[in-house]
Amino acid sequence: MSLDTVKPAPGYLEHLPVEYQDLVKHGQYGKKKKVSDMGKFKELIEEHPMCAGCAMTLFIRLVFLALPKPEHTIFVGTAGCGRLAISQGNVPFIYGNYGDTNAVASGLKRGLELRFPEQKKDVIVMCGDGGLVDIGFQGLMHSWFRHEKFSTFMLDNEIYGNTGGQESGMTAQGLVAKMSPRGKVDEKMDMLGLAKVAKLDYIARIVPTNPARVVRTARRAILIAREFGSTYVQAYTSCNIEYSIPTPDVMQDAFDKEKKEYGFEEHFSDRAKAYIDDLEKKDKAAAKAAKK
Ligand SMILES: Cc1ncc(C[n+]2csc(CCOP(=O)(O)OP(=O)(O)O)c2C)c(N)n1
Ligand code: SF4
C-alpha cells in the first residue's frame, strides 16, 4: 500500500462509504499522531469484537497510533484474541497459520526489501503468548537469531484466552486456570532473557498504564527494526475473563502488576541507541520549530 492507494481517484471519494471518506480526510495516513490527539481524528482501529474492558485492545489501539507509516505497514498474526481487533484495523493483516508468524514475517520483509528498495516497509508480528512462545517458538527464535528486520509484539495475557484458559509458557508457576486445574508446574518463560541472548537491537517490557510510553516504545521498536534487525516488545495485556478481573478493575490490575513484577524495561544495542537518540532529537527540534 502507499498514500496513493489510500487516496481515491478524483471524483470518486464522495461515492465511498462515509467511514472511508473520514479515514482519508481525517485519518492518520501521512501524519504523526500523539496520544493527546486521540478522539480528535479518525483512528485506524475503532471497533472490535473483544471482551469489554480487555486491556489487550487498549494496547493494540495504542500500537496502531504509534505506526510511523501505516500506509507502508503490514501486520502478521495468528489465532488468538488479538487478531479479532488487529483484523479490524485499516492496515493490511496477514492471518498466518499457527506457528508460522515469524517465518512468514521474515519472508515478507525480505521480499518487500527486494520489491521496494526505495521505500521502507514495516512488518510487525503481533500475537499472543501461546502463539509465540509455545506454538510459534521455533519461528520466533530463528527470526531473532537471524536478526530479521521486523518487530515482534507479544500480547502477554499469560494464558490461552481465546480457547478458554489453557496454560501457556508465559503463565506464572502455580497458577490454576479453568483448563489447567492442577496449577502450572513450570516457571514463566524468560523471553526477555532469550531476547538478550539473541542480542536483539531493542527489547522492551511494558504494561499499558502510560499510553504515551506505549506509543514511544512501539515506535522505537518499529523504527529500529526497520533499520537494523529484530526487536521485541512484551506487553502485559490482562485477560479479564480468564483471570476473573472485574471490568472496572482492569486498569488497577495493570498498575498492580507493573508494580509487583512487570516493571518497564527497555534495552538498546549501541547502534540502536545512537540512531533513536538522533532521530528523537531531530523530531523535537522540528516540533519546536513548527510551534513558532
Ligand atoms: C494449529 C492450531 N492449533 C490450535 C488452535 C486453537 N487456538 C486458537 S486460539 C488459541 C490460543 C491462543 O492463545 P494465545 O496465543 O496466548 O492468544 P490469546 O487468545 O490468549 O490472546 C488456540 C490454541 C488453532 N487455531 N490452530
Ligand atoms: S478472552 Fe480475555 S484476552 Fe480474550 S478478549 Fe476476552 S478478556 Fe481479552
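**Around the ligands**

Reply: Of the 18 residues around ligand 1, those that come nearest are Gly80, Gly128, Gly130, Gly161 and Asn162, where a residue is near a molecule if its C-beta atom, placed from the backbone, lies within 6 Å of it. This is a predicted model, in which local features need pLDDT of at least 70 and side-chain atom pairs count only at pLDDT 80 or more, while totals for chains, interfaces and linings use all residues. Residues are numbered from 1 along each chain as its sequence is written, and chains are lettered from A and ligands numbered from 1 in the order in which they are written.

The shell around ligand 1 draws at least two residues each from β3 (122-128) and α6 (129-134), and the largest share, three residues, comes from α6. (Helices, H or I with at least four residues, and strands, E with at least two, are DSSP runs numbered from the N terminus.) By kind, this shell holds seven nonpolar residues, ten polar and one charged; here Ala, Val, Leu, Ile, Met, Phe, Trp, Tyr, Cys and Pro count as nonpolar, Asp, Glu, Lys and Arg as charged, and the others, Gly among them, as polar.

Ligand 2 has around it Met50, Cys51, Cys54, Met56, Cys81, Asn157, Gly161, Asn162, Cys239, Asn240, Ile241 and Glu242. The shell around ligand 2 divides into seven nonpolar residues, four polar and one charged.

Although Thr152 and Ser230 are 78 residues apart along the chain, 7.6 Å separates their C-alpha atoms.

In strand β5 (residues 202-206) we find Ile206, which is buried because it has 26 C-beta neighbours inside 10 Å. Between the C-alpha atoms of Ile206 and Val250, which are 44 residues apart along the chain, the separation is 15 Å.

Helix α9 (residues 211-227) is also worth a look: twelve of its 17 residues are buried, so α9 is largely enclosed by the rest of the structure. Among the buried ones are Val214, Ala218, Arg219, Leu223 and Arg226.

Definitions and conventions
Buried ≥ 20, exposed ≤ 12 C-beta atoms within 10 Å, placed from the backbone.
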